[in-house]
Amino acid sequence: MSHGANHMTQSEPNRRSEPLIKVKGIVKNFGAFTAVDNVDLEIYRGELFSILGASGCGKTTLLRILAGLESPSSGTVFVDGIDITNLPPYERPVNMMFQSYALFPHMTVAHNVAYGLKRDGVAKPELWKRVDEILDMVELSDLSKRKPHQLSGGQRQRVALARALVKQPKVLLLDEPLAALDKRLREQTQFELMRIQEQVGVTFVVVTHDQGEAMTLSDRIAVMDCGRFVQIGSPSRLYEFPKNRFIASFIGSVNMLAGQVVRCDGTLCTIYIPSHDSHFEVEHGEYLDKGAAIWLAVRPEKIRISQTSPTSDMPNQILGIVDDIAYTGNMSTYRVRTEAGDVLEVTHPNQSRAKDSQLVADWGDTAHLCWAPSDAVLFSE
Amino acid sequence: MRGKRSLFLLSALSFGFAFLYVPMAVLIFYSFNYSKLVPVWGGFSTRWYRVLFESEEMWAALTLSLKIATVNATVATLLGALAGLTLSRAGHFKGRTLFAGMVSAPLVMPEVITGLSLLLLFITLSNLIGWPSERGMTTITIAHITFSLAYVAVIVQSRLAGVSQDLEEAAQDLGGKPFRVLIDITLPLLMPALAAGWLLAFTLSLDDLVIASFVSGPGSNTLPILIYSRIRLGLRPDINALATMIILVVSIGVFVAGWLLLRQQRLRDQEAQLATADSNGK
Ligand SMILES: Nc1ncnc2c1ncn2[C@@H]1O[C@H](COP(=O)(O)OP(=O)(O)OP(=O)(O)O)[C@@H](O)[C@H]1O
Ligand SMILES: [Mg+2]
C-alpha cells in the first residue's frame with residue numbers, strides 16, 4: 001500500500017526502552033457491531049500521544065477500555081509491564097478526563113479535586129497540600145470554594161484536568177479535552193495543556209477529532225478509521241509521508257491526480273496523467289510496475305505559483321486560470337482551474353503587505369504552477 | 001375572535017376547577033357549621049374541631065395512620081430506591097424486563113385485587129406458620145409498602161435517567177469502589193428524588209382506604225377506615241372537620257413533593273443553560 005513513506009528511514013521518536021502502555025489485539029464488539037477492531041498500540045513514557053479519527057470511529061471506546069470502564073471482547077492491555085486487562089477502574093494506575101468533564105455537581109472545586117486522594121487514603125495535611133498545588137498549577141486557587149455550575153466552560157475543563165492529575169497517574173487519558181471550548185480558548189488551552197504535561201511529566205493519551213489540535217499537541221498521532229489504526233507516527237511524518245490516500249486527505253488538504261506509471265527506476269518515476277495529457281516526475285523510493293494505476297498527491301503549499309512561466313527545465317508544470325482566491329491573512333489560497341478542467345488548490349504566504357494588484361495572481365489571471373519531484377507523493381489504489 | 005376564544009377557554013377552565021374543588025370547598029365550609037345537621041347552616045363555629053380533638057377513637061386512628069405512613073414511607077423509599085437503582089444502573093441482567101414490569105405492576109393493579117390477594121396471602125401465612133397472628137398495623141404497613149415501593153422506584157429511576165453515568169464512572173476512575181461511589185455520588189444526587197418519594201409514599205398510605213380495609217383487623221382502624229365507617233351511619237359534622245384537616249395535610253404533602261421535583265428540574269435546566277452560555281463565549 002505505502003510507497004512514498006518507505007524510502008525514508010523509519011522515524012522513531014521514542015527510542016526509550018520499554019513502552020509504558022502496550023495494547024495487543026484489542027477488539028470490542030457491541031452485539032454484531034465492532035467498535036474497536038484488533039488494535040495494537042505502544043505508547044512510551046512521557047509521550048503526548050493522540051488518537052485522531054472521525055466521529056463514531058471508536059476513539060472513546062478504546063479510551064474507556066484503557067480506563068477499565070469497558071471490558072474488551074478480546075485482547076490485552078499492559079501498563080508498565082503489568083497486565084491490567086481485568087483490573088477494575090479503581091485499581092488502575094490510570095486516570096481519565098471525561099469528554100463531559102463529569103464534575104461532581106454537589107461538591108466544591110476543591111472537594112472534586114480532593115476526591116481521588118481521599119479514596120486513596122492520603123492523610124489530610126498532605127492531601128490538601130497536593131490539592132492546593134494542583135489548583136495553583138491550573139490557576140484555579142481563587143475558585144476552589146465554588147461549585148461546578150458556578151464556573152465557565154474553560155474553568156470546568158481545568159478542574160477536570162486537575163482532578164485527574166492530582167493522583168499522579170502513570171497515564172492520563174483525555175477524551176476530547178478541548179471540544180467543549182470555543183475556538184480562541186481552545187487554542188490557548190492547547191498550549192496550556194502542553195505546558196502542564198511537560199511540567200508533570202505524565203504520559204498523556206488524548207482523543208480528538210480535530211486534526212489541527214492533534215498536530216499541535218502531539219508527539220505522535222494514531223489515525224483511526226472504523227475501529228482500526230490506519231497509521232501511527234509523528235505529526236510531520238503523517239503530513240509529509242502519509243501512508244495512503246485516506247491519511248493524506250484526512251490530515252491537511254491535498255490535490256490528487258489519477259494517472260499511470262510510465263517509467264520507474266526506483267528513485268524517479270514518470271507518471272502520465274491522462275486528464276492533463278502530460279507527464280509528471282515524482283521522486284519515489286520504490287520500484288513500481290509500468291502501467292500501474294496510481295494517485296499523485298501534492299499539498300497546496302508545495303506548489304509554486306507565478307504569473308511568469310518557470311524555466312522550461314523545471315518538471316511538473318501546469319498552466320491554469322485563477323478561479324478564486326481565499327485570503328486568510330497570513331496566506332492566500334488560490335483555486336486554479338487547469339486547462340484539463342480540474343481545480344488545484346495552491347497556498348502562498350502573504351509575505352509583504354501587497355495591494356491587491358501585487359498579489360501573485362488575480363482573479364482570471366493565467367497562473368503557472370509547478371512543484372519539485374520530491375514534493376509529491378504516490379499512492380497505489 | 002381572540003376575545004371569544006379566550007372567553008371560552010376561561011369558562012372551560014373555571015368549570016374544570018369548579019368541578020374539582022367546589023365539593024371540597026363545600027365540605028370545608030360545612031366543617032365550620034354549628035348545626036348538628038350537616039346540610040343546615042347554623043352559624044359559624046369551630047365546635048366540631050373541638051369534638052374531634054376530644055375523641056379518643058379519632059386520636060387512636062390518627063396515630064395508627066401516621067405510624068403506618070411513616071414506617072411505610074421509610075421502608076418503601078429504601079426498597080424503591082434499590083429497585084430504581086437496579087433498573088437504571090445494573091445494565092442488562094437476566095429477567096430485567098420481567099423485574100421492571102413487576103415493579104411497576106402495582107401502579108396499574110386495581111386496589112381491590114391488591115387488597116384481596118394480600119388478604120389471602122396473610123390468611124395462608126397465618127395458617128401455615130402462625131404469622132401474622134392477627135391483622136392490624138403490621139399487615140396494613142406491609143400492604144402499603146408493596147404499592148408505595150412502585151412509586152418510589154419510578155421516581156428514582158426517572159431521576160437517575162437525568163444523572164449522567166459519567167459521574168459514577170469518573171468516581172470509580174478516581175479510585176472509588178462501587179459501594180463508596182453509591183454513597184459519595186449517587187445518593188447525594190438522588191436526595192431530592194428520595195425526599196419526594198418518601199413524601200409521596202407517606203401521603204399514599206395516609207390516603208388509602210381500600211387496601212387497608214382488606215388487611216386490617218378488628219380494632220385497627222386507620223383514619224380513612226374510621227371516617228368511612230362513620231359516614232355509613234350518616235353524615236356527621238365532626239367528620240367534615242376531620243376531612244378538612246386531612247385535605248390540608250395531604251395538600252401540603254403533595255405541594256412539598258411537587259416543589260422538590262420542580263426545584264430539581266429547575267436546577268438541572270439552569271446548569272444546562274449555564275453550560276451552553278459558557279461554551280458560547282467565555
Ligand atoms: N454501549 C454501546 N453500545 C452499542 N454501541 C456503542 C456503545 N458505545 C459505543 N457504541 C458505538 O461504537 C462506535 C464508536 O463509538 P465511540 O464513542 O467510541 O466513538 P468516538 O470515536 O468516540 O466518536 P465521537 O468523536 O463522536 O465521540 C459508535 O458507532 C457507537 O455507536
Ligand atoms: Mg467520543
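## Ligand 1 and its polar contacts

A polar contact is a pair of N or O atoms within 3.5 Å. In this predicted model, a polar backbone atom of Gly58(A) lies 3.0 Å from an oxygen atom of ligand 1, so the pair falls within that limit. The backbone of Cys57(A) also takes part, with a polar atom 3.2 Å from an oxygen atom of ligand 1. From Thr60(A) it is a polar side-chain atom that lies 2.5 Å from an oxygen atom of the ligand. On its own, ligand 1 would expose 630 Å², and the protein buries 60% of that area.

## The shell around the ligand

There are 13 residues around ligand 1, and those that come nearest are Ser55(A), Gly56(A), Lys59(A), Thr60(A) and Thr61(A). Sorted by class, the shell has 6 polar residues, 5 nonpolar residues and 2 charged residues.

Which elements give two or more residues to this shell? They are strand 2, which covers residues 33-43, and helix 1, which covers residues 59-67, both in chain A. Of the elements, helix 1 of chain A gives the most, with 3 residues.

## Where chain A meets chain B

The size of an interface is often given as the accessible area lost when the parts come together. For chain A and chain B, the area buried between them is about 2,500 Å², and 59% of it is on carbon and sulfur atoms. The contact takes 32 residues from chain A and 25 residues from chain B.

Between the two chains, 9 residue pairs are in polar contact, counting pairs in which both residues have pLDDT 80 or more. On the side of chain A that touches chain B, two or more residues come from each of helix 1, strand 6 (94-97), helix 2 (109-119) and helix 4 (153-165). Helix 4 of chain A gives the most to that side, with 5 residues. By class, the residues on this side of chain A divide into 17 nonpolar, 8 charged and 7 polar.

## Salt bridges

Side chains of opposite charge can pair when their charged atoms come close. Over all chains, the count comes to 21 salt bridges, and across the interface of chain A and chain B there are 2 salt bridges. A salt bridge joins the side chains of Arg64(A) and Glu169(B), with a distance of 2.7 Å from N to O.

Within chain A, the side chains of Glu47(A) and Arg220(A) form a salt bridge at 2.5 Å from N to O. This pair links distant parts of the chain, since its two residues are 173 residues apart: Glu47(A) is in the loop between strand 2 and strand 3 (48-53), while Arg220(A) is in strand 9 (residues 220-225).

## Backbone features in two loops

Which two residues does a cis peptide bond join in chain B? The bond lies between Trp131(B) and Pro132(B), and its omega is about 0°. Pro132(B) belongs to the loop between helix 5 (111-129) and helix 6 (137-161) of chain B.

In chain A, Cys226(A) has a phi near 50°, which is a positive value in a residue other than glycine. Cys226(A) is placed in the loop between strand 9 and strand 10 (228-233) of chain A.

Terms used:
Residues are numbered from 1 along each chain as its sequence is written. Chains are lettered from A and ligands numbered from 1 in the order in which they are written. This is a predicted model: local features need pLDDT of at least 70, side-chain atom pairs count only at pLDDT 80 or more; totals for chains, interfaces and linings use all residues. Side-chain values use heavy atoms; hydrogens and water are left out. A residue is near a molecule or strand if one of its heavy atoms lies within 4 Å of it. A polar contact is a pair of N or O atoms within 3.5 Å; within protein, one must be able to donate a hydrogen and the other to accept it, and residues adjacent in sequence count only if both atoms are side-chain atoms. Accessible areas come from the Shrake-Rupley method with a 1.4 Å probe; for residues, only the protein chains shown count as cover. Helices (H or I, at least four residues) and strands (E, at least two) are DSSP runs, numbered from the N terminus. Ala, Val, Leu, Ile, Met, Phe, Trp, Tyr, Cys and Pro count as nonpolar, Asp, Glu, Lys and Arg as charged, and the others, Gly among them, as polar. Contact means heavy atoms within 4.5 Å. Buried area is the accessible area (1.4 Å probe) that two parts lose on being put together, summed over both. A salt bridge is a side-chain nitrogen of Lys or Arg within 4 Å of a carboxyl oxygen of Asp or Glu.
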